[in-house]
Amino acid sequence: MFGRQLAVALVVVSSWVAAAQDKPEVGHSHLGSAFDSGLRSKPWKFKGLGSAPFPISTKVKEMQSWYNQGNELLHSFWFEEAERTFRWCLKLDRENAMVYFGLARCGLNWFTIGSSPGEGNKRFYDFLKEAVKRKSTVSNRESLYIEAWDAAFALKDEEARKEMVRQLQKLCILYPDDLEAKTQLAFYNIGQGSTLANEFLIQQVLKVNPMHPGAHHARIHNWDGQDGGVALASCELYGKAAPGVGHALHMPGHIYSGIGMWHEAAIAMDSATRVELRHMNERLALPFENWNYAHNRDYLCYIQEQLGHAQASIQGSLDILNSPRDPAYKEAVYQGLMALARAYTKFEMWDRILDEKSLPTPEDKDVAEMVAMVRAVAYAETGQPAKGRELQKSVKAPPGMGLFPAPAIFDILEAKLLLAEGKHEEGLGILLKAATNERKQRAKGEYPNDPPFEAWPTMRLVGDAYLAAKDPAKAISAYTESLSQVPNDAWSLAGLAKAYVAQGKPAMAMPFAERFMAVWSGADPNLKLMNEVLALNLNAKPRAETFRPERVYRPADLAKWGPSNWQPFDAPELDCLDMNGKRVRLTDFRGKNVLLVFYLSDQCIHCVEQLGAIDKRNKDFQDLNTVVLAVSATSPEANKDSVKLSPFNAKLLSDTNHVNARRFASYDDFEDIELHSTTLIDAQGRVRWKRSGGDPFSDVDFLLGEIRRWPR
């Protein structure tokens, strides 16, 4: 799950004192360009993070509780909010080495260790340098933490992780009561040492703090893909330890899906999605600003597929695809399309794949080639192999998406085309070879399974091919292997039931039909697979076979947490004065879309350029029923007298005390300075898109494109 989940981008400051002597552009941080990015409004005290205190040296009493919060957020990989919290700590205690260390860990962590410093994480290396400069001011224990990160992140690849393990072992030996060191060691030792040794380390932490969020999190990762049943206790406790964190509810879903407890997996992922959405709506955040949202929703789509909740899965895929986008973030487009293609393929909705509207072709070449491969499979499955061959020729090489090895679909497509052309032996041979490659990938832990792109374990397709060739014995062998790869996979269970009936052994078929009925107890009506199992006339009743009894996944039971699909949220209150001193509110424009721009003043060259670029497209905005509101701290009188802004059609509004700017995340509470921000609000008064920071957003074509994407 490494490559997909984290992309943090920012740059850096050498020190607070030195940076304060610079003369930054208006609207930029006085502390250095590192602070122009990220969350710049004051943090708040979270509820439901769990308890993971990290005592540090500070003379500011208030700061320790904030530092603990930042550390607790890190234990659940909530890096954005952790950084916001550590920034507040830095405001309280500006020369504290451990605060710089905390800021560094927001980017230098379990995901990024061993990677080369680059534009995306350079700032975090610089934060670490600032911590190193000040390490003599803290205790020996704290200094050892700084030295551990400094030594490990100076190295690359596996050597970096090995060095981190060595450094953390030293800390654990010198400070045997330090739960933080043991928890960090348990994380960084995953893949380096024995899973059993890690388990014993985690047990030591939990013996002292039974609800330590980081320890439960580490245990789940430690056993994920190894022996998931060992982590069931932490699956049940992690969400209880940190109920306010979506990721704490999400991670148990990894284990549950890995051991075939699909109902529990769905409850975990659906709950996580709803908690994340609740936070986003409360804090004016959008899907592309939450690194885990698209991943979580994609995983829920996959689990809903496994449960036969076809329409819910498809709707979730469309939700990811249609959620607000950003020029700097394309991950949602990829994940939404791949989830949609997986669902259509799994449920054999070939007509939707081929109509080019239900599964659109994206602009991104790599993603477009993946969609083309899925479409070629649909041609093969609908008896049109010639059209499939034409599409196959249009793809030069497996793209791999930069995230995984080249997906098996390229081999599977060739096999399916051969089968559709009546070349059974050739097609089956390629399937068997692909299944062997997949088996090796799974054994090495290299199979992309987070969630899988493929709609099937390849061995299940081998079973289908044998069953179609009226060879049920070999089909049973293939389905048995695919079931071991994906426990309680409904298609493998159904395949075994069908194959045993084909052998004339209904009694052997019955247990698999019963397990199938338990997994698909809440499936959509009239799905092909269910009809095939019912047609066996076994009269099977649901009988689950899982590690522990499961609750039944009923989405309605989780509705109290909010929707599981993103919806635009109500905009904060806007209450300003126009050039004549008249009160203006956002509700005055209900029925019209609003482009809301917070700018600094007519003395800001970039602000004037932004407003000018918007004004040149004024007719385009009018045609889209959109008004432009431009808000600054400038007084109504000064707005009225502004020569630079007078030619523009935007309504100039005054927010002299920055109350509105704060509501719209357009004010830096750490430095008490105004920010640039651009927000799109629909005709119902709901936020659809926003961007804030040190520079104004001037991609007017993108803004118009987003408005056009909104459903009419």
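Contact here means heavy atoms within 4.5 Å.

## Basis of the model

The model is predicted, with local features requiring pLDDT of at least 70 and side-chain atom pairs counting only at pLDDT 80 or more, whereas totals for chains, interfaces and linings use all residues. Residues are numbered from 1 along each chain as its sequence is written, and side-chain values use heavy atoms, with hydrogens and water left out.

Helices (H or I, at least four residues) and strands (E, at least two) are DSSP runs numbered from the N terminus.

## Helices α11 and α12

In α11, Pro 213, His 216, His 217, Arg 219 and Ile 220 meet Ala 233, Ser 234, Cys 235, Leu 237 and Tyr 238 of α12. By class, this contact has six nonpolar, three polar and one charged residues; Ala, Val, Leu, Ile, Met, Phe, Trp, Tyr, Cys and Pro count as nonpolar, Asp, Glu, Lys and Arg as charged, and the others, Gly among them, as polar.

The axes of α11 (residues 213-223) and α12 (residues 232-241) come within 9 Å and cross at roughly 140°. Axes are lines fitted to C-alpha atoms, for helices over the stretch in contact, and angles between N-to-C directions run from 0 to 180 degrees.

## His 309

His 309 lies in the loop between α15 (293-306) and α16 (310-322). Its relative accessibility is 8%, so His 309 counts as buried (under 20% relative accessible area, with exposed over 50% and partly exposed in between, using a 1.4 Å probe and protein chains only).

Apart from neighbours within four places in sequence, His 309 is in contact with Gln 304, Gly 522, Ala 523, Asp 524 and Tyr 553. Asp 366 is 57 residues from His 309 along the chain, and their C-alpha atoms are separated by 29 Å.

Six of the six residues of β4 (residues 593-598) are buried. Asn 593, Leu 595 and Val 597 point one way from the strand, and Val 594, Leu 596 and Phe 598 the other way.

Strands pair if DSSP finds at least two bridges between them. Strand β4 runs parallel to β5 (residues 626-632), joined by six bridges, and Leu 596 stands opposite Leu 629 in β5. Five bridges join β4 to the antiparallel β9 (residues 676-681), where Ser 677 stands opposite Phe 598.

## Helix α32

The buried residues of α32 (residues 700-709) are Val 700, Phe 702, Leu 703, Leu 704, Glu 706 and Ile 707. Their cover includes β4, β5, β9, β10 (686-693), α28 (605-616) and α29 (618-623).
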